Amino acid sequence: MGFCQELAVGSVLTTAVINWARSSVVELDLARRLAHHAVSRRVLPKHVEPRLVMLRDGKVARFGFENLAELARRIKDPNWRIFAEDGKLYAMNHTHFLCETDPFVLFERMGVTDPSHAFYLGYELMKAKTATTLSKTYRQDQALDWGFLTEPEVSQRDRKKAKAGEVPS
């Protein structure tokens with residue numbers, strides 16, 4: 001799209017019919033707008049359109065092992081907190097501070113027996129593993145950032161509140 005903008009090419013033919021090109025129209029529109037911005041303002045097209053970056057995050061948030069261990073020491077309740085960084089998955093609550101690279105091993109060590117809670121934690125561990133594999137930031141109860149393809153995610157807490165008739169936070 002940069003070449004098209006610089007050469008004043010007025011139209012581009014693309015398709016979104018085949019699966020590997022299903023988002024090409026939106027991608028090209030975002031790229032066209034980015035290229036127009038860069039050329040018309042004579043600036044580099046950097047840090048202007050983050051929705052085009054889908055696979056890996058530009059910067060991955062890190063807490064560090066020491067900070068995670070300190071957080072684990074301060075937790076007073078049985079709710080699990082999950083973190084992912086440097087290829088490792090962490091799970092912690094008031095009695096455990098666990099670290100593994102394999103989400104299945106970590107889940108076994110967590111000892112969760114309630115089926116609905118196990119499903120939720122399995123889902124979160126899957127997202128955490130995907131995040132570490134692709135160098136993305138993982139935040140529990142939040143969708144992974146896939147650029148313009150990100151689908152909003154309702155947290156477990158908000159889902160429970162909605163079911164009970166409360167207003168989500």
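This is a predicted model: local features need pLDDT of at least 70, side-chain atom pairs count only at pLDDT 80 or more; totals for chains, interfaces and linings use all residues.
Residues are numbered from 1 along each chain as its sequence is written, and side-chain values use heavy atoms, with hydrogens and water left out.

**The sheet**

- Helices (H or I, at least four residues) and strands (E, at least two) are DSSP runs, numbered from the N terminus.
- Three strands make an open sheet in the order β1-β2-β3, with antiparallel pairing; two strands pair if DSSP finds at least two bridges between them.
- In general, strands of a sheet pair through backbone hydrogen bonds, either parallel or antiparallel.
- At the edges sit β1 (81-85) and β3 (97-100), each pairing on one side only.
- Neighbouring strands are turned by 20° against each other on average, direction ignored; axes are lines fitted to C-alpha atoms, for helices over the stretch in contact, and angles run from 0 to 180 degrees between N-to-C directions.
- Strand β2 (residues 88-92) is joined to β3 by four bridges, and the two run antiparallel.
- Leu89 stands opposite Glu100 in β3.

**Helices against the sheet**

**A nonpolar patch**

- Phe3, Leu7, Val9 and Val12 form a nonpolar patch on the surface, with about 450 Å² of accessible area together.
- Such patches are made of residues with over 30% relative accessible area and no salt bridge, joining nonpolar side chains (Val, Leu, Ile, Met, Phe, Trp, Tyr) within 5 Å and like charges within 9 Å.
- A salt bridge is a side-chain nitrogen of Lys or Arg within 4 Å of a carboxyl oxygen of Asp or Glu.
- Areas come from the Shrake-Rupley method with a 1.4 Å probe; for residues, only the protein chains shown count as cover.
- Leu7 sits in the loop between α1 (2-6) and α2 (24-41), and counts as exposed because its relative accessibility is 65% (exposed is over 50%, buried under 20%, partly exposed in between; 1.4 Å probe, protein chains only).

**Positive phi in loops**

- Most residues other than glycine have a negative phi.
- His47, in the loop between α2 and α3 (65-74), has a positive phi near 60° and is exposed at 81% relative accessible area.
- Asp86, in the loop between β1 and β2, has a positive phi near 55° and is exposed at 53%.
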